[in-house]
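Please open the structure in your viewer, with the sequence beside it, and follow the stops below in order.

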Amino acid sequence: MVVHTQNELTDAEVDRIFHALADATRRDIVRRTLVGEASVSRLADSYDMSFAAVQKHVAVLEGAGLVTKHRQGRERLVRGNPDTIARAQHLLDEFELLWRSRVERLDALLAEDPDPS
């Protein structure tokens with residue numbers, strides 16, 4: 001059994017986040033909504049696709065926790081969720097540390113290896 005701290009993501013959360021971020025339109029929606037909230041209608045005006053298609057992209061992002069939606073009057077406003085971005089960044093930072101430590105060990109091994117010539 002794997003125990004996750006509050007900052008750690010479950011495997012399912014990681015899968016949803018990186019699946020959502022695998023699409024350029026969704027990455028752009030996240031970028032736009034981290035700068036400032038936007039209505040789904042205003043987001044749809046920014047892309048060469050139907051309103052329904054943009055709504056589906058927002059739903060994928062919302063399912064991954066990358067954005068939140070709330071109603072303001074007749075509009076549905078979308079806001080980027082920096083907490084989820086930070087949690088994903090933490091995971092990537094851990095991968096980077098693992099990779100760097102392996103490279104450092106390889107460098108140390110190569111430095112110890114006498115020249116066979």
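Begin by selecting helix H2 and helix H4 (residues 51–63), whose axes come within 10 Å and cross at roughly 70 degrees; the axes are lines fitted to C-alpha atoms, for helices over the stretch in contact, and the angles run from 0 to 180 degrees between N-to-C directions. H2 and H4 are therefore roughly perpendicular to each other, a term used for angles of 65 to 115 degrees. Helices here are DSSP runs (H or I, at least four residues), numbered from the N terminus.

Before going further, keep in mind that this is a predicted model, in which local features need pLDDT of at least 70 and side-chain atom pairs count only at pLDDT 80 or more, while totals for chains, interfaces and linings use all residues. Residues are numbered from 1 along each chain as its sequence is written, and side-chain values use heavy atoms, with hydrogens and water left out.

Now show the side chains where the two helices meet: Thr25, Arg26, Ile29 and Val30 in H2 are in contact (heavy atoms within 4.5 Å) with Val54, His57, Val58, Val60 and Leu61 in H4. Sorted by class, the contact of H2 with H4 has six nonpolar, two polar and one charged residues, where Ala, Val, Leu, Ile, Met, Phe, Trp, Tyr, Cys and Pro count as nonpolar, Asp, Glu, Lys and Arg as charged, and the others, Gly among them, as polar.

Arginine 31 and aspartate 28 are three residues apart in helix H2 (residues 24–35), and so are separated by about one helical turn. Salt bridges that share partners join Asp28, Arg31 and Arg32 into one network.

Which of these residues is buried (under 20% relative accessible area, with exposed over 50% and partly exposed in between, for a 1.4 Å probe and protein chains only)? Aspartate 28 counts as buried at 18% relative accessibility, whereas arginine 31 is partly exposed at 47% and arginine 32 is partly exposed at 30%.

For the last stop, select arginine 87 and glutamate 13, which form a salt bridge with their closest N and O atoms 3.7 Å apart. This pair links distant parts of the chain, with arginine 87 in helix H5 (residues 82–112) and glutamate 13 in helix H1 (residues 11–21), 74 residues apart. A search of the whole structure finds five salt bridges.

How values were computed: Salt bridge = Lys/Arg side-chain N within 4 Å of Asp/Glu carboxyl O. Parallel < 35°, antiparallel > 145°, perpendicular 65-115°, else oblique.
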